[in-house]
Number of protein chains: 2
Amino acid sequence: MTAEQHPFDAALALTAMSDGLWQGRTSAAYANMVGPYGGLTAAQALHAVLLHPQRLGEPVALTVNFAAPIGDGPFLIEAMPVRTNRSTQHWTMAMRQNDEVVLRATGITAQRRETWSTREALMPQAPPPDAVPLPNWGMPMPWLQRYEMRFIDGEPPRRWEGQDSAHTRTRLWIRDVPARPLDFASLVAMADVFFPRILRRRATLVPLGTVSMTVYFHAREEQLRTYGSGHVLGQVQGQGFAHGYFDHSGQLWSASGQLLATTHQIVYFKE
Amino acid sequence: MTAEQHPFDAALALTAMSDGLWQGRTSAAYANMVGPYGGLTAAQALHAVLLHPQRLGEPVALTVNFAAPIGDGPFLIEAMPVRTNRSTQHWTMAMRQNDEVVLRATGITAQRRETWSTREALMPQAPPPDAVPLPNWGMPMPWLQRYEMRFIDGEPPRRWEGQDSAHTRTRLWIRDVPARPLDFASLVAMADVFFPRILRRRATLVPLGTVSMTVYFHAREEQLRTYGSGHVLGQVQGQGFAHGYFDHSGQLWSASGQLLATTHQIVYFKE
């Protein structure tokens, strides 16, 4: 990490080993309770595609399956174009530590064109970021310090006393700390900032972990490049919670209401 | 197909070639305008996992990337367990025709246990299936004949005159034709019955095709086994439509309101 480098760029960095194979490492700045923040790991999986010399177009879809706990330290990540069409390209990615698969992912990139457009997932009305206070996390995970999260509603529980909230919808303004211009990798990382919905619902700490996360990209490269480092509005809500797994569905908008990405994940929980 | 075999089972059938490799074929009964109905193809990808002798547990998540048009005729499908943990297993699947990848998919299976449970994606109020008329499709695709779809609202456009509907939410009762007991494979196939949201919105026929589809399973095997061949309630709505792609988010419930699955897809469109 150079003096000028943002912690996210330092954490994301991959070193080319051979065609389609890179070495990266987990980042102390983005550490979670155990292992790395999953949003950073997902961003690294996308980054391997974005760096690939054969890449065609920009990201359309990304699905990351977290296959095993990732240990602190180095890893290898491979990105492979498995099918290249005229305007779309299909990718598989694999992350390994000690020759064991810890992550598998798939991606789709495409040359995108102007077409008819509309949006139905509309940005909720929200006060401006500076009118929304910062939360008092009281939690030790380093990655929480890497995001400004201003909760409009559905904030993390203040008391962990097992009260059941009626629903798990959360709306918040999100920004990198320090502020950093938005790009596809940071958008993917932001798509995982929503703290686990079961914690919001139950206010009880239970063992849990995301097993699969999908991001659909609605923003184009050009649009992100001109966005700068402004806040992004995130919204998320749980759907079903049963038999050890729950899922959520979320959206990310620009401050002016442009839909940047939609995201879904399914999360393991115990008890 | 034997005299007693349901068309879905006949279409789904895979012949073992070697460990983890099967041969299947597209089905005239589930043909779409061009090539097979994508829901059947997704079900075949899951079926290869379900048949695998090393499978641990039941499906939790499935993501299917449609990499290229699938030609009518035979294909090879490979399912590979890439990581097996104590209670979860991660899968990759690849479908090939003439040695070219036409589909890549990932899946997660797990041994599921009783845990705390709740649901937030609640089934909308709906009249019983027999109170909802069948649509007059007026479209020639054979797979439409394989599903009873009773549209509660958001039915397909009656006139293709380019009128813009305000939103693309659709709610419908779904059942196999002829009726067939629900299982994981048929649930996946049903997760793709929602006709493309852009057609609902624009009432204009444009070239399009699903590029990626994800299903999260909330139902357990046992629950499906006892469900029988009753109708399933589906709900879907588009989110963002721009630069040649749109996505939708949907849910499937049992008639008694149990959340069976949630599903998302991103679809290419032209113009």
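How many salt bridges are counted between chain A and chain B?

A: The model is a predicted one, and in it the count between chain A and chain B is 4 salt bridges. One of them joins B:Glu120 to A:Arg201, with 3.4 Å between the closest N and O atoms. Polar contacts also cross the interface of chain A and chain B: 41 residue pairs are found, both residues of each pair being at pLDDT 80 or more. On the side of chain A that touches chain B, strand β6 (residues 100-110) of chain A gives the most, with 8 residues. By class, that side of chain A comprises 22 nonpolar, 28 polar and 13 charged residues.

The extent of the interface may be considered next. In terms of contact, 63 residues of chain A meet 63 residues of chain B. The size of an interface is often expressed as the accessible area lost when the parts come together. Between chain A and chain B the buried area is about 5,400 Å², and carbon and sulfur atoms give 54% of it. Of the area that chain A buries against chain B, 16% is supplied by A:Trp116, A:Glu120 and A:His243, more than by any other three residues.

Strand pairing also links the chains. Strand β7 (residues 118-119) of chain A pairs with strand β11 (residues 232-242) of chain B in the antiparallel sense, over 2 bridges. Within this pairing, A:Thr118 has B:Phe241 as its bridge partner in β11(B).

Definitions and conventions:
Residues are numbered from 1 along each chain as its sequence is written. Chains are lettered from A and ligands numbered from 1 in the order in which they are written. This is a predicted model: local features need pLDDT of at least 70, side-chain atom pairs count only at pLDDT 80 or more; totals for chains, interfaces and linings use all residues. Side-chain values use heavy atoms; hydrogens and water are left out. Contact means heavy atoms within 4.5 Å. Buried area is the accessible area (1.4 Å probe) that two parts lose on being put together, summed over both. A salt bridge is a side-chain nitrogen of Lys or Arg within 4 Å of a carboxyl oxygen of Asp or Glu. A polar contact is a pair of N or O atoms within 3.5 Å; within protein, one must be able to donate a hydrogen and the other to accept it, and residues adjacent in sequence count only if both atoms are side-chain atoms. Helices (H or I, at least four residues) and strands (E, at least two) are DSSP runs, numbered from the N terminus. Ala, Val, Leu, Ile, Met, Phe, Trp, Tyr, Cys and Pro count as nonpolar, Asp, Glu, Lys and Arg as charged, and the others, Gly among them, as polar. Two strands pair if DSSP finds at least two bridges between them.
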